[in-house]
Amino acid sequence: MIMESIKLYQDREDVTLKAYIWEDSPELLNGRTRPAVVICPGGGYMSCSDREGEPVALRFAAMGYHAFVLRYSVYMEGKAEFPDMTKPLPEKLFCRFPMQMREIGQAMLIIREHAEEWRIDTDRIAVCGFSAGGHNAAMYATQWHTELLSGYFHKDKELFRPAAAIIGYGGSDWLYTAELAKKMTGTDKMFQDAMNQIFFGCTEPTEEQLIFASPVKNITENTPPVFLWATAADEMSPVQHTIRFVHALADHKVPFEVHIYEDGP
């Protein structure tokens with residue numbers, strides 16, 4: 001296996017695309033191409049979870065995929081910790097939406113640029129994410145065709161097309177979260193305010209901002225097939241996000257499969 005870490009910015013060490021590539025061999029690829037998956041770990045846009053990175057990539061690799069772990073821009077700049085949410089959080093513009101989604105787009109461009117060298121089937125590149133990374137992947141799945149990406153990178157929008165999306169307990173409806181936040185107190189309220197501050201630049205985003213950042217509100221005929229999974233007992237990422245996403249996909253006749261398990265955090 002070829003393992004390579006690619007920096008997305010020359011002056012930053014924290015935003016990387018880690019590649020896990022099958023080496024060509026008469027007993028393995030024998031010149032054939034394989035599908036690929038871009039994995040976005042969770043962490044509340046504050047950090048990128050290790051448990052949702054390399055272990056997931058290795059599992060996909062064992063199934064025959066070329067796998068890529070994207071450590072996108074997060075508030076703690078690569079540190080596996082959370083900020084002190086009892087104090088006002090200093091502004092970090094690189095954490096603002098849509099930077100993280102654009103970094104998935106940049107990863108797509110890198111993968112396509114190396115497709116021949118790495119023997120990647122460019123018609124079968126999926127995006128995958130968990131929790132906040134699931135929200136990021138879902139945003140990408142519903143926004144890949146917009147000027148947010150093609151206009152920013154000055155590239156043909158087809159270069160950003162994902163073949164499918166895999167969303168594990170991901171956020172899908174920030175409007176719903178805003179309603180829940182009205183009843184939150186203590187640590188839960190503090191955490192949600194911090195996420196809003198990091199993602200939107202304010203603790204109380206406008207309805208327009210909330211809609212724009214809600215994948216359920218932005219599904220179109222351009223949205224690829226989606227596989228979703230969650231647990232009904234999850235208190236950190238409420239299962240309603242998955243249910244709402246499925247409902248919206250069904251309304252727009254986008255192919256999907258969903259697995260909701262009874263138990264599990």
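**Cavities, pockets and backbone features of a predicted model**

Good morning. A search of the whole structure finds 1 cavity of 30 Å³ or more. This is a predicted model, in which local features need pLDDT of at least 70, side-chain atom pairs count only at pLDDT 80 or more, and totals for chains, interfaces and linings use all residues. Residues are numbered from 1 along each chain as its sequence is written, and side-chain values use heavy atoms, with hydrogens and water left out.

Some terms come before the details. On a 1 Å grid over the protein atoms alone, a cavity is a set of points where a 1.4 Å probe fits but cannot get out; a pocket is an open set with protein on both sides within 12 Å along at least five of seven lines, and lining residues have an atom within 4 Å of a point. Grid points are joined across faces, edges and corners, and a volume is the space filled by probe spheres set on the points.

The largest cavity has a volume of about 70 Å³. Its lining consists of Y75, L89, P90, E91, K92, C95, R96, Q197, I198 and G201. By class these are 5 nonpolar, 2 polar and 3 charged residues, where Ala, Val, Leu, Ile, Met, Phe, Trp, Tyr, Cys and Pro count as nonpolar, Asp, Glu, Lys and Arg as charged, and the others, Gly among them, as polar.

The largest pocket holds about 1,100 Å³ of space. It is lined by 39 residues, and S131, F191, M236, S237 and P238 are the closest to its centre. Helix 4 (132–143), helix 6 (174–181) and helix 7 (186–200) are the elements that give two or more residues to this lining; helices (H or I, at least four residues) and strands (E, at least two) are DSSP runs, numbered from the N terminus. Helix 7 supplies the largest share, 5 residues. The lining of the largest pocket divides into 15 nonpolar, 16 polar and 8 charged residues.

The second largest pocket has a volume of about 180 Å³. Among the residues that line it are W174, K189, D193 and L210. Helix 6 and helix 7 are the elements that give two or more residues to this lining. Its residues divide into 5 nonpolar, 2 polar and 4 charged.

Next, helix 1. Which residues of helix 1 are buried? In this helix, residues 54–62, they are V56, A57, F60 and A61; buried means under 20% relative accessible area, exposed over 50%, and partly exposed in between (1.4 Å probe, protein chains only). Seen down the axis of helix 1, these buried residues fall within an arc of 140°, so they line one face of the helix; the arc is that of the directions from the helix axis to the C-beta atoms. The face turned away from the buried side carries the exposed residues R59 and A62. After helix 1 comes G64, with a positive phi near 100°.

Finally, the backbone. The peptide bond from F97 to P98 is cis, with omega near 10°, and P98 is in the loop between strand 4 and helix 2 (99–113). E77, in the loop between strand 4 and helix 2, is not a glycine, yet has a positive phi of about 55°. E77 is partly exposed, at 40% relative accessible area. K253 likewise is not a glycine and has a positive phi, of about 60°. K253 lies in the loop between helix 9 (240–251) and strand 8 (256–261), and at 74% relative accessibility counts as exposed. Thank you.
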